[in-house]
Amino acid sequence: GDLPAVWPSCCVVPSASNYFVIREGSLIGGNTYTVVLRAAAYAGGPKGEATLSFVANQPPSSGSCKSSPTKGMALTTSFNLHCQHWVDDKDDKPLSYKWSRLVNVDW
């Protein structure tokens, strides 16, 4: 059977997934974090461990995005998104924008 997993409150492991997701707002930009994965093939079986340390990126700041129109019908209305004046680390260039729609997300 599966062994129980212990996840801090910052993380979500979607069912039937090989990934874990770190909740938005759980990390502080500039801080160093370490993820440790420990696994065993079965209780009492061979064990393994992997460690990954990383520095959380500082988010871009000082900008804004506007939608035109601000209301509409899904799959009917065309929306135009305009973003400007964002500032980011020189190493994080080029700054790109992405938008999406989430449905039935249970965080």
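## T70 and its loop

Let's start with T70, which sits in the loop between β5 (64-68) and β6 (80-84). Keep in mind that this is a predicted model. Is T70 buried or exposed? T70 is exposed, because its relative accessible area is 70% and the cut-off for exposed is over 50%.

How far is T70 from N80? Along the sequence the two are ten residues apart, and in space their C-alpha atoms are 9.3 Å apart.

Now for charged side chains. Side chains of opposite charge can pair when their charged atoms come close. How many salt bridges does the count give? It comes to two.

One of these pairs E49 with R38, and their closest N and O atoms are 2.8 Å apart.

What about their surroundings? E49 has a relative accessibility of 53%, so E49 counts as exposed. R38 counts as exposed too, with a relative accessibility of 61%. Remember that the cut-off for exposed is over 50%.

## A bridge between K90 and D91

Which side chain does K90 meet in a salt bridge? The partner is D91, at 3.5 Å from N to O. As for accessibility, K90 and D91 are both exposed.

Conventions. Residues numbered from 1 in each chain as written. Predicted model: local features only at pLDDT ≥ 70, side-chain atom pairs only at ≥ 80, totals over all residues. Heavy atoms only, no water. Salt bridge = Lys/Arg side-chain N within 4 Å of Asp/Glu carboxyl O. Buried < 20%, exposed > 50% of the residue type's maximum accessible area, 1.4 Å probe, protein only. Helix = DSSP H or I, 4+ residues; strand = E, 2+ residues; numbered from the N terminus.
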